[in-house]
Amino acid sequence: MITTAMETTMDNSAINRIITKWKDQLESQYLYISQTTSNLERAYICSPCTAAAAREVQRNVQAARFYMWWTFENMNVIARAPHAYLPILLSDKLPAERALALRFGLELLEQSDLVYVCGKVLSTGMKGEIARAVELNIPIIVFDAELYLKVRKLVTRHGGDKSQVTLHAEPCYLSLTAEEILG
């Protein structure tokens, strides 16, 4: 059971254990995906990537990896977060490379069964992903109550039905920001 202590920054020893575990288990998830035609649902992880400083981008990338790991481990869903790895290959500062990353993300989203909106803020890229999910009628699950209201408004603005958006009822780590996860 996750306690209210989750709402604050995780302690360093806990995050270090999780980081070690997630690195190993993301590889296990990769092997699982590559060796099976699984019936597990595929969730697109929608969370911030872009930030003002390179260090913040790095933290957002690590948070996306954490969200992937946590989703696979705790929700029995294959998690997909292109922004967890694409920043290693493509520069967000180069318009053509940013466009390529965004296009890849949207195509991956099209192959997903669910969209998980993680953290507490909506970036420009996330808004585009949510708009595309509305067009495709993909269910959207939000983990932060305040963000849930913003996502419902965004869905309605894009012509979607707000019932397409649900709030995950139980507190979980998918509602945390990169800062709360990584300290």
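1. Which residues lie nearest the centre of the largest pocket? They are Cys 49, Thr 50, Pro 87, Asp 92 and Arg 98, out of a lining of 29 residues. A pocket here is an open set of points on a 1 Å grid over the protein atoms alone, where a 1.4 Å probe fits, with protein on both sides within 12 Å along at least five of seven lines, and lining residues have an atom within 4 Å of a point.

2. Please keep in mind that this is a predicted model, in which local features need pLDDT of at least 70 and side-chain atom pairs count only at pLDDT 80 or more, whereas totals for chains, interfaces and linings use all residues. Residues are numbered from 1 along each chain as its sequence is written, and side-chain values use heavy atoms, with hydrogens and water left out.

3. The volume of the largest pocket is about 510 Å³, taken as the space filled by probe spheres set on the grid points, which are joined across faces, edges and corners. Its lining comprises 15 nonpolar, nine polar and five charged residues. Helices α2 (54–75), α3 (86–89), α4 and α5 (124–136) each supply at least two lining residues, and α4 gives the most, with five. Helices are DSSP runs of H or I with at least four residues, strands are runs of E with at least two, and both are numbered from the N terminus.

4. Leu 106 sits in α4 (residues 95–110). With 28% relative accessibility it counts as partly exposed, that is, between buried (under 20%) and exposed (over 50%), using a 1.4 Å probe and protein chains only. Setting aside residues up to four places away in sequence, Leu 106 touches Gly 128, Glu 129 and Arg 132, where contact means heavy atoms within 4.5 Å.

5. The largest nonpolar core has 25 residues, and Ile 45, Tyr 67, Tyr 116 and Leu 174 touch the most other members. Such a core is a set of buried Ala, Val, Leu, Ile, Met, Phe, Trp, Tyr and Cys residues joined through side-chain atoms within 4.5 Å. Two or more residues come from each of β1 (42–46), α2, β3 (114–117) and α7 (178–182), with α2 giving the largest share, eight residues. A second, separate core of 19 residues includes Ile 130, Val 134, Ile 138 and Tyr 148.

6. Helix α2 has 22 residues, and the residue that follows it, Asn 76, has a positive phi, near 55°.

Methods:
Nonpolar A, V, L, I, M, F, W, Y, C, P; charged D, E, K, R; others polar. Expected span 1.5 Å × (residues − 1).
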